[in-house]
Amino acid sequence: MKGLIVLSAVFVVFVMPTVLVCLPARRARVPNWILTVFLLAGWLTVFTGWFLSQRAQPGLFPETSPCHGIRATPVSRYLPPDSFCRHVDGELRTVNGPDARFLFWAAACTTVAMPIAAVRARRRAVGRAANGS
């Protein structure tokens, strides 16, 4: 029974959004490489953002939190995603490095750029078909 619940959750969280993107893209004849890059960059954006915003939270293992042992309170920001430790003096110090934030922003910009590339590729294909070449 537990396996069925996990399978259902995976289906709803991962498969359904992917299918809801793929079907209209196929109907619009978006090139496969654009669709693949869009899906990979989109999921990378989601997972990186989730990781960045939850990094300081104690979750299941409080001793693994970067704020543990320094008497700091974990604080999360969701857009742009980042985690902080609020120290006793009130100062917020991030627990995420610049590389992780760069990865998030690179993935997010790629995710936004792919629909633009799809529109341009589609217009180019329609233009070629109209010219007969």
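User: In which loop is P80 found?
Analyst: This is a predicted model. In it, the peptide bond from L79 to P80 is cis, with omega near -10°. P80 is found in the loop between β1 and β2.

User: Does R29 count as buried or exposed, and why?
Analyst: R29 is found in the loop between α1 and α2. Phi of R29 is near 60°, a positive value in a residue other than glycine. The cut-off for exposed is over 50% relative accessible area. R29 has 61% relative accessibility, so this residue counts as exposed.

User: What is the relative accessibility of R71?
Analyst: R71 has its place in the loop between α2 and β1. Although R71 is not a glycine, its phi is positive, about 55°. R71 counts as exposed because its relative accessibility is 68%.

User: What distance does helix α2 reach from its first C-alpha to its last?
Analyst: Helix α2 covers residues 32–54, which is 23 residues. At 1.5 Å a residue, the expected value is 33 Å. The reach in the model is close to that expectation, at 33 Å.

User: Which elements do the buried residues of α2 pack against?
Analyst: The buried residues of α2 include I34, L35, L39 and A41. The elements that the buried residues of α2 pack against are α1 (2–27), β1 (73–78), β2 (81–86) and α3 (98–131).

User: Which residues does T45 touch, not counting residues up to four places away in sequence?
Analyst: T45 lies in helix α2. Its relative accessibility is 15%, so T45 counts as buried. Not counting residues up to four places away in sequence, T45 touches F104, A107, A108 and T111.

User: How many Å apart in space are T45 and L23, C-alpha to C-alpha?
Analyst: In sequence, T45 and L23 are 22 residues apart. In space, C-alpha to C-alpha, the separation of T45 and L23 is 21 Å.

User: How far apart are the end C-alpha atoms of α3, and what should its 34 residues span?
Analyst: The 34 residues of α3 should span 50 Å, because the rule is 1.5 Å a residue. The distance between the end C-alpha atoms agrees with that, at 48 Å.

User: Which elements do the buried residues of α3 pack against?
Analyst: In α3, the buried residues are F104, A107, A108, T111, M114, A118 and A121. Among them, F104, A107, A108 and T111 are touched by T45. The buried residues of α3 pack against α2 and β2.

User: Which elements give two or more residues to the largest nonpolar core?
Analyst: The largest nonpolar core has nine residues in all: C22, A25, V30, I34, L35, L39, M114, A118 and A121. The elements that give two or more residues to this core are α1, α2 and α3.

User: Which residues does A25 touch, not counting residues up to four places away in sequence?
Analyst: A25 is one of the residues of the largest nonpolar core. Leaving out residues up to four places away in sequence, A25 touches V30 and L35.

User: How many of the residues lining the largest pocket are nonpolar, polar and charged?
Analyst: The largest pocket holds about 190 Å³ of space. Its lining is W50, F51, Q54, R55, Q57, P58, G59, L60, F61, T64, S65 and P66. These lining residues divide into six nonpolar, five polar and one charged.

User: Which residues does R55 touch, not counting residues up to four places away in sequence?
Analyst: R55 is one of the residues lining the largest pocket, and R55 lies in the loop between α2 and β1. At 34% relative accessibility, R55 counts as partly exposed. C-alpha to C-alpha, R55 and C67 are 9.7 Å apart in space and twelve residues apart in sequence. Not counting residues up to four places away in sequence, R55 touches P66, S83, V95 and N96.

User: Which residues is S65 in contact with, leaving aside its neighbours within four places in sequence?
Analyst: S65 is placed in the loop between α2 and β1. Because its relative accessibility is 8%, S65 counts as buried. Leaving aside neighbours within four places in sequence, S65 is in contact with A56, Q57 and P58.

Note on methods. Residues are numbered from 1 along each chain as its sequence is written. This is a predicted model: local features need pLDDT of at least 70, side-chain atom pairs count only at pLDDT 80 or more; totals for chains, interfaces and linings use all residues. Side-chain values use heavy atoms; hydrogens and water are left out. On a 1 Å grid over the protein atoms alone, a cavity is a set of points where a 1.4 Å probe fits but cannot get out, and a pocket is an open set with protein on both sides within 12 Å along at least five of seven lines; lining residues have an atom within 4 Å of a point. Grid points are joined across faces, edges and corners, and a volume is the space filled by probe spheres set on the points. Ala, Val, Leu, Ile, Met, Phe, Trp, Tyr, Cys and Pro count as nonpolar, Asp, Glu, Lys and Arg as charged, and the others, Gly among them, as polar. Helices (H or I, at least four residues) and strands (E, at least two) are DSSP runs, numbered from the N terminus. The expected span of a helix is 1.5 Å times one less than its number of residues. Buried means under 20% relative accessible area, exposed over 50%, partly exposed in between (1.4 Å probe, protein chains only). Contact means heavy atoms within 4.5 Å. A nonpolar core is a set of buried Ala, Val, Leu, Ile, Met, Phe, Trp, Tyr and Cys residues joined through side-chain atoms within 4.5 Å.
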